[in-house]
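Please keep the sequence and the structure in view while reading.

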Amino acid sequence: MSAPLLEVRGLTKHFPVRGGVLMRRVGSVHAVDDVSFSVNRGETLGLVGESGCGKSTVGKTLLRLLEPSAGSIFFEGTDITHLAGTQLRALRREIQIVFQDPFESLNARHSVGRILEEPFIVHRLGTAAERRRWVAELLDRVGLSSDAAQRYPHEFSGGQRQRIGIARAIALRPKLIVCDEAVSALDVSIQSQVLNLLLTLQAEMNLALIFIAHDLAVVKHMSDDVAVMYLGQIVERASARQIYQRPRHPYTRALLSAIPIADPVNRDARRRSRIVLQGDVPSPLVPPGGCRFHPRCAHARPDCATRTPVLEAVVDDFGADVRAPSNGAVACHYWREIAAGYNSLS
Amino acid sequence: MNDVALRVETLATEFVGDETTVRVVDGVSFDLVAGTTLGVVGESGCGKSVTALSIMGLLPRPAGRVVQGRILLNGVDLLQLPIDAMRKIRGRRISMIFQEPMTALNPVQRIGMQLMEVMRLHEDVGDAAALRRRAVELLTEVGIPAPELRLDEYPHQLSGGMRQRVLIAIALACRPDVLIADEPTTALDVTIQAQVLELIERLRQQRGMSVIFITHDLGVIAEIADQVAVMYAGRIVEMAPVEELFQRPLHPYTRGLLASMPQLQQQPKSRLPTIPGMVPSLSALPAGCRFSNRCAHATALCATEPALEQSSSDHRVACHHWKTLP
C-alpha cells in the first residue's frame, strides 16, 4: 500500500486563556488534544463532531493557519509542522481550504477575475494572458459562465459564491482541500449541486478532501473514512461504512441516533430507541478527567472517570470489501461489551 | 371534523423597499388543527418566516405589511385587532420562538427577570414568591437543571441549547394555545436538536398545544410534523399529512428537495439529484408557476398560475401536471 498523502500524529492545539490585571496565562482551552489520522490520495476523510469539538481547529492547523502546540504533520512524507517562509508558501500550493461563508472569505472589493487570478500572481505563475485563460478555465470547471470574471462577489448567490471559493481553492491544483463546513450555509437544493461539484473535481484531479461538517448525512455521503471528535479528541476512526453501520463508541452511537431521518413512518420506533444525550458538551477549559465523554455516557462505569481510554486499533468489519482496510480505532474501555449488548438487541 | 386552532386565509405580505415593493407571501392559506404540529418547510426566501411574523403581528415596521387575507384565532381575525388587543393575544394565546436564542433574549437581564416579566404581564400569579415558584416550575418543565440557580444567571452564561430551553419556557409561560417555532433547532448541534425536538413534542402532548414548526430541514419535518406545507417563492406548493408527503410527493419541487438530500442509506459518493438553477428573486419571478424555470416537466401551460388543488381528500398540490408526472 502506498504511503498516505497526509499523516497527522499527536496533533495538539491549546489556546491560552489570560486573565487578571497583568493578563497572565490562567489556563488553556484544550481545543485539540493528541489527534492522529491519515488521509490517502484521492480519498476523503470526514471529520465530525459537535461545536467546540476541535474539528475546525484541526483543519486550520493542517494549513498552518494556526500553529500546533505539539505533534507533527507529514505531507507526502515530509514533516511540515515547522515549515516557514518560502517552503510554507510552497506547501500552500498543495493544501487549500474552503470555508463555510464564501462571502466572508472573498474580498468584496475585488472582481471575481481578480480573486481567482491572485493565487497565480502570489506564486508568480504565467503571463497576464495565460492567467486570464486559466481564470476562464476555472470558472468553466466550477460551472460558472466566463462573464462572472468581471462581476463582484455580492452579485452572486451563496451557492455561486461557494463555487468561486472552490475555484480559488483548486486554482493551483492542490493535492488536498480542507472543506470546513463548506456546504453548511447552503439551501438543500444548492447544497447537492456543490457536493456533486466537489465529487467531480475529486475524481478528475485525484484530490484528497478533509470534509469537516456537523451534518452527518452529508459527511457519510462524501467520505471514505470518518473520524468522530469529542472535546478535542478523536473517539472513533473507521471507514464510513463501519462508522454508520456498526459504530463502536457510545458517543458515535448517540450522535448517529440523533440524526433526523426523512422517514416519518418509523419515527415512533426511532424515538423509542433514540439515545438522547443528557446535558451539554462540557467546557474544553476543564475537560472531564478519565474519558472525556463519561459524564454524558449511558454506559459509563466508575473507572471511566479516572482511567483515560487510549485509541485502540480495531479491524474494520467492512473495509476489505470495498478498499484497503482503513486504520480504524476506538477510544472506549468497554466498547466490546457495549457493542455486544446492542447486537443482542437487534 | 377536527377543531381548527388557527386558520390562515389567502395571506399576502409585502415589503416596501426604496425602489420596489416585493410580495414575500402571496396567497397562503392553511388550517392548524388543534393539538397537532404543522411543519412549514422551504428554502431561504420562500416566505416561511414572514408568514409566522405576519401571524404574530411582528412584521418589521414600516417596511412590512399584510395586504390581504385573514388570520382567524377562534373566529377572531387577528389582523383587525387594535394593537393593544393583539399584544394581549401574543404570549398568552400565541407564542413564538426563534432560531437564535441569544438575540431573542435580553443580554443584560437575568433569565428569571425575563421569564417573570412575561408572566406578570399576562397572568395574575400573585406575590413575588409565587411568581418565582412558577418560574422555577417552568424551567424544570423544559428540562433545565438547577433552575433556582439559573434564574439568577444571564443569557451568556448558558449554552445554546439551554438558551433555547429558556426561550421555550418564556414562550410557554402563559400556556398559549399555539406555539410558532421558527427554525428553533437550526443553530443547535444534532444531539441538542434531538433534545429540543423531544421537548417540544412532549410539551405539545402534555399541554394539548398546537404547533407551527418552520424549518428548512426535511429530516426535522419527518421527525416532528403531522401535516406539512411546502413553500416556494411565497406560496404553498404542496400540503399533505407527513407520511403521505414523504411517500407520495406530488409537486416536482417537493420531489426535488427530497431527492437532493443526502441520506444515510444512499450509495456514498454517488451523484445527488439536484434541482437546477436557484430560487428566483422575489422581484423577478417567472410568470405563472414560480417553479417553472427550474422544473424538468414545465410546459407552455405552466406560464399560467396553477391553483392549489385537491389531489386526494387530504393532499393538495399546486402543479398543472401532477396527474401525469412519472
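How many residues does helix 8 of chain B have, and how far does it reach from its first C-alpha to its last? In this predicted model, helix 8 of chain B (residues 190–207) has 18 residues and reaches 25 Å between those two atoms, close to the 26 Å expected at 1.5 Å a residue.

**Helix 8 of chain B**

- The buried residues of helix 8 of chain B are V190(B), T191(B), I192(B), Q193(B), A194(B), Q195(B), V196(B), L197(B) and I200(B).
- Their cover comes from both chains and includes helix 8 (216–222) and helix 10 (250–257) of chain A, together with helix 7 (160–172), strand 7 (178–182), strand 8 (210–215) and helix 9 (218–224) of chain B.
- After helix 8 of chain B comes G208(B), which has a positive phi, near 65°.

**A helix pair across the two chains**

- Helix 7 (residues 188–205) of chain A and helix 11 (residues 252–260) of chain B have axes that come within 9 Å and cross at roughly 45°, and the two helices are therefore oblique to each other.
- Their crossing is left-handed, and the contact is made by V188(A), S189(A) and S192(A) on one side and by G256(B), L257(B) and S260(B) on the other.
- By class, the residues of this contact are 2 nonpolar, 4 polar and no charged.

**The contact between the chains**

- Chain A contributes 37 residues to the contact and chain B contributes 40 residues.
- On the side of chain A that touches chain B, helix 7, helix 8, helix 9 (240–245) and helix 10 of chain A give two or more residues, and helix 7 of chain A gives the most, with 8 residues.
- That side of chain A has 21 nonpolar, 9 polar and 7 charged residues.

Conventions. Residues numbered from 1 in each chain as written. Chains lettered and ligands numbered in written order. Predicted model: local features only at pLDDT ≥ 70, side-chain atom pairs only at ≥ 80, totals over all residues. Helix = DSSP H or I, 4+ residues; strand = E, 2+ residues; numbered from the N terminus. Expected span 1.5 Å × (residues − 1). Buried ≥ 20, exposed ≤ 12 C-beta atoms within 10 Å, placed from the backbone. Contact = placed C-beta atoms within 7 Å. Axes fitted to C-alpha atoms, helices over the stretch in contact; angles between N-to-C directions. Parallel < 35°, antiparallel > 145°, perpendicular 65-115°, else oblique. Left-handed = near helix turned anticlockwise from the far one by under 90°. Nonpolar A, V, L, I, M, F, W, Y, C, P; charged D, E, K, R; others polar.
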